[in-house]
Amino acid sequence: MQKYVAASSPESAVNVRTLVTPRGLDVWLVESHVVPVVSLEFAMRGGASQDDPGKAGLGLMLASLLDEGAGDLDSQAFQRALDEKAVEISFRNDREHMAGRLRTLVKNLDRAAELLRLALNAPRFDEEPFVRVREHANARVRHDANDPASLAARTWRANAFPGHPYGFPAEGTLETLAAIERADVVAAAKRVIAREKLVIAVVGAVDEKGAAALVDKVFADLPAYGDLKTVGAAEFSGLGRIDTVTLDAPQSTIRFGRPGLMREDPDFIASLVAAHVLGGHGNMTSRLFREVREKRGLAYTVFGAFYALDRGGFYYGGTTTKNERANESFEVASAEIRDVALNGLNEEELEKGKTYLIGSYPLRFDTSVKIAAQLVQIQLEGRAPDWLVERNRQIGAVTMADVKRAAGRAFGDGALYTTVVGKPEGF
Amino acid sequence: MTAQPSATQVAHFTLTNGLEIVVIPDHRAPVVTHMVWYRNGAADDPPGKSGIAHFLEHLMFKGTEAHPKGEFSEFIAGIGGQENAFTGPDFTAYFQQVAKEHLKTCMEFEADRMTGLVLTDEIVAPERDVVLEERRMHCDTDPGAQLGEAVQATLYTHHPYGVPIIGWGHEIEGLEREDALAYYQRFYTPQNAVLVVAGDADPEETLRLAEATYGKVPARGGRPERLRPSEPPAVADRLVTVRNEKVQQPNWQRHYLVPSCRTAEPGESEALDVLGHLIGGGQTSLLYRELVIAEKLAVSAWAYYHGTALDRSRFIANATPAPGVALETLDKAFDRVLAKFLAEGVDEGALERAKTRLVADAVYARDSQSDLARWYGSSLALGQTIRDVEEWPARIDAVDADAVLDAARKWLVAKPAVTGHLLPLEAEAA
């Protein structure tokens, strides 16, 4: 029988089961045998905010070295073993997590699980890959040194969160990378790789028993606890200030932002709706898109969104405009931000914004890899599987009064801290 | 309407007005990806009007007589859909991803803008500024992108693949409303289009919806011709150097002219796919092992065969030098790696791993309706058939060591190529 369900919630397509493995690990599973592929996604607390300021980039080095040799397999042997079965394993480091991903054809699931188990349980951190990975990180830093978007983001972060880990360069600097030794990576692995606060999602052609066996094999023998340091609350600095970094480029790259609400805040969801209407990513009908791009032809990209990290929430956005009109672009964008801060949205905007956010949610769940990533994210946010339905219910319930109050609280008087990279005129 | 049988669930139809239709069912989620591909791209820009295919792609969002300014985008935003478009050298494509019940409405809008576009100078002028900002952002502020453009312009001395997709800045500045409309009327016809619907859609039902929407667009005679000068055989090695004060990390690249999936002899394009993987696909590739691990001349190195093109295409190698290594050293090192590859022959284990990886990609693609839609759409826009797509894994599997070595000898080893060097300013004095 054909199901005709409106795609207003992904829950109709994403049937999440939560299970506890025989060895006591929690897993969220979505079983689907249509494509003979299994995806696993996991995340542990850690990330760049655990780096010492003098060794910024350590977390990145750790994540980059986990697939560079483990157990009896040196780096080349490990990579060959992945190739032999077309197994994909990758690790990444964000601000607050070390996360990883496995994708394999179901016929190779056992071998894939063994390789991921080795990578997490018995990484070698051999000298050769250690030096090579650091050189690669150095090259990345040099490549990004004068890239306008990287430079603007780095400068903005450092000035918005001075002295706080959120302001450090997650990718490191040539100085901090040089200060990292192999022993630092070994120590970082001990602090981060543990079952404590581990979240896991499995999606694809595997049943409960198979998923539990996979997860136990990979994760059950990890130490119960790591040793994470406590990160203090992130104070936002520089509101009302504009810093200019001179770079010989025909365009000015503008990045702006301000403090936002924490995820637990009752107005957080309403603030997301306001930010979406104002300048949401991919929203080709947003106010910023209309005023900056469509009406005035000032920029190709213009965007802004709220980000909620564990120790602070903030708004971050930007645009990129030729130097001669950079100030006009900034003025137009900040006027729209101020207007939303003071007046909220009009009714039509609110309704359209809500319908969009509700209707587009299922599109985040259209591949196994994306489903697994979403399920990990939901767990990291401390939510239950009913969030797949609850999220849209909460957005649907946002009223005009809610959005006005939330916009007022989140955008305040609309003041911004701004970084401009280029040779801007009029600032 | 004619229907062709297909080995898999993928259905293929052609409407009486010439529109080709591909339906790729995937019922896991109640979502569809709806794409229309036009068989024209940046390489079909008239001389002196570079960028017009891409500029028109922007202008296609500006509204029609039936659905004025922004109505289509407002509809998509209102239902929480995703939409966008992209221009390649050989095709231009428009897509929406929406809940399945909105498929017909998307078809109505998309069929409408196949012929109904309305443009005024008030709309065209600011959008031209947007494109110029796009060019500044992606090309003019990035020395690496500038090198890429210069290498491409050097590799193709005559064929329009040498012109950037977005166009040259001075020609974008001169693009007018009339240019866009002339290009639109020439290429945007049902005979020149391929409709791809992937996701929670039934083939027969989709065909019925397409007949009720796209079927109403009148046929416009034969398919518009692509008038492209062909590239003469390369005879010269060329070195292209970009020096820029913003560069702190040099880069090395090498580009060869090689056959595309459309111009290659049978099996040759697949052999080049495998060759690309063996030479430069990942950390176990020859290039990475020699340049990065053994000789420590580079901190990364990769190679890639770009087979998806209508005309003569490219094989690309790229390396990031280790500190203190001159790019001339990489010139020679790359030649040495190629020579070594020929001398030592193909390692059977490596050949199997490369083929396993490429064939698995076809399975992984089945997990994503938008990836599948893009794969089938781009292939058909290049004149390939559904069968060509479906048999690709088998053709990869059939590649043997001799075919790989033949391809390397015929197209790469000691063949004229363009080498690109990205350098900081101070290297001049050194």
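1. Confidence in chain A. The mean pLDDT of chain A is 95, with 97% of its residues at 70 or more. Where pLDDT is low, the predicted coordinates should not be read in detail.

2. Where the chains touch. Chain A puts 58 residues into the contact, and chain B puts in 47. On the chain B side, at least two residues each come from α2 (71-78), β6 (92-99), α4 (121-140), β10 (298-306) and α12 (348-365). Of the elements on that side, α4(B) gives the most, with nine residues.

3. What the chain B side is made of. The residues of chain B that touch chain A divide into 15 nonpolar, 17 polar and 15 charged.

4. A helix crossing inside chain B. Have a look at helix α9 (residues 268-280) and helix α16 (residues 401-411) of chain B: their axes come within 8 Å and cross at roughly 85°. Angles of 65 to 115 degrees count as roughly perpendicular, so α9(B) is roughly perpendicular to α16(B).

5. Who meets whom at that crossing. From α9(B) you have B:E268, B:A271, B:L272, B:V274, B:L275 and B:L278, and they meet B:A403, B:V404, B:D406, B:A407 and B:A408 of α16(B). The residues of this contact divide into nine nonpolar, two charged and no polar.

Methods
Residues numbered from 1 in each chain as written. Chains lettered and ligands numbered in written order. Predicted model: local features only at pLDDT ≥ 70, side-chain atom pairs only at ≥ 80, totals over all residues. Axes fitted to C-alpha atoms, helices over the stretch in contact; angles between N-to-C directions. Helix = DSSP H or I, 4+ residues; strand = E, 2+ residues; numbered from the N terminus. Parallel < 35°, antiparallel > 145°, perpendicular 65-115°, else oblique. Contact = placed C-beta atoms within 7 Å. Nonpolar A, V, L, I, M, F, W, Y, C, P; charged D, E, K, R; others polar. pLDDT = per-residue confidence, 0-100.
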